[in-house]
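The sequence and structure are shown below.

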Amino acid sequence: MTARLSKPPLLLPLLLAALLTVDSCRACQVVIQPIKSAINKVKSTYNSFKKKITPEKPKYIGCYADRDDNRDIQFIGARKSDMTVSKCNAICKEEYPMTKFFGVQNGNLCFCGNDYGNYGVRRDGHCDKPCGGAKGEKCGGELLNSVYEITSKK
């Protein structure tokens, strides 16, 4: 008949805990330090990569009037029901790479160009139409452009 232990001896967990205590274990430091170094390298690489893939936000300039017969911003970039500020920025960088500014209008229009402001500035509160693709963003208004500076290419 063999004796069986119903509970593990209390000494074993205490011994393991003492061995795994990093501060009091030089041998543990030898093993743990390269792991910590590798983790820090991975974190640094991740943060660097994250910074590269995170798009730069376009710089908001202001709210400007427009006219149907002679547009304030030269080129029509697109009309999309799911328009956003970043989508218009991307369209202008792709379709009109030499332009410096873009304007979003009436929630669904995107204009690209190098000039704006021919018909005057308006209070920011006038450019209050939500973007079709991002209800939290403002995409101008009726014949009003929310004007932004196009972000540089990566």
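## Surroundings of Asp82

The side chains of Asp82 and Lys87 make a polar contact at 2.8 Å. The model is predicted. Asp82 is located in the loop between β2 (75-79) and α3 (85-95). With a relative accessible area of 36%, Asp82 is partly exposed, since that value falls between the limits of 20% and 50%.

Beyond its neighbours within four places in sequence, Asp82 is in contact with Lys87, Gly132 and Gly133. The C-alpha atom of Asp82 is also 7.5 Å from that of Ala134, a residue 52 positions away along the chain.

## Pairing of strand β1

Strand β1 (residues 59-65) runs antiparallel to strand β8 (residues 144-149), and six bridges join them. Within this pairing, Gly62 stands opposite Val147. β1 also pairs with strand β5 (residues 121-122), in the antiparallel sense, over two bridges; here Cys63 is opposite Arg122.

## Disulfides

The whole structure contains four disulfides. One of them is formed by Cys63 and Cys127, with sulfur atoms 2.0 Å apart. This pair links strand β1 to the loop between β5 and β6 (130-131), across 64 residues. Both Cys63 and Cys127 are buried, and their link is right-handed, with 80 degrees about the S-S bond.

Another disulfide joins Cys88 to Cys110 (S to S 2.0 Å). It connects helix α3 with strand β4 (residues 109-113), 22 residues apart. Cys92 and Cys112 form a further disulfide, at 1.9 Å between sulfur atoms. The torsion about this S-S bond of Cys92 and Cys112 is about -80 degrees, so the disulfide is left-handed. Cys92 lies in helix α3 and Cys112 in strand β4, so this pair ties together parts 20 residues apart in sequence. Both Cys92 and Cys112 are buried.

Definitions and conventions
Residues numbered from 1 in each chain as written. Predicted model: local features only at pLDDT ≥ 70, side-chain atom pairs only at ≥ 80, totals over all residues. Heavy atoms only, no water. Helix = DSSP H or I, 4+ residues; strand = E, 2+ residues; numbered from the N terminus. Buried < 20%, exposed > 50% of the residue type's maximum accessible area, 1.4 Å probe, protein only. Contact = heavy atoms within 4.5 Å. Polar contact = N/O pair within 3.5 Å; in protein donor to acceptor, adjacent residues only side chain to side chain. Pairing = 2+ DSSP bridges. Disulfide = S-S within 2.5 Å.
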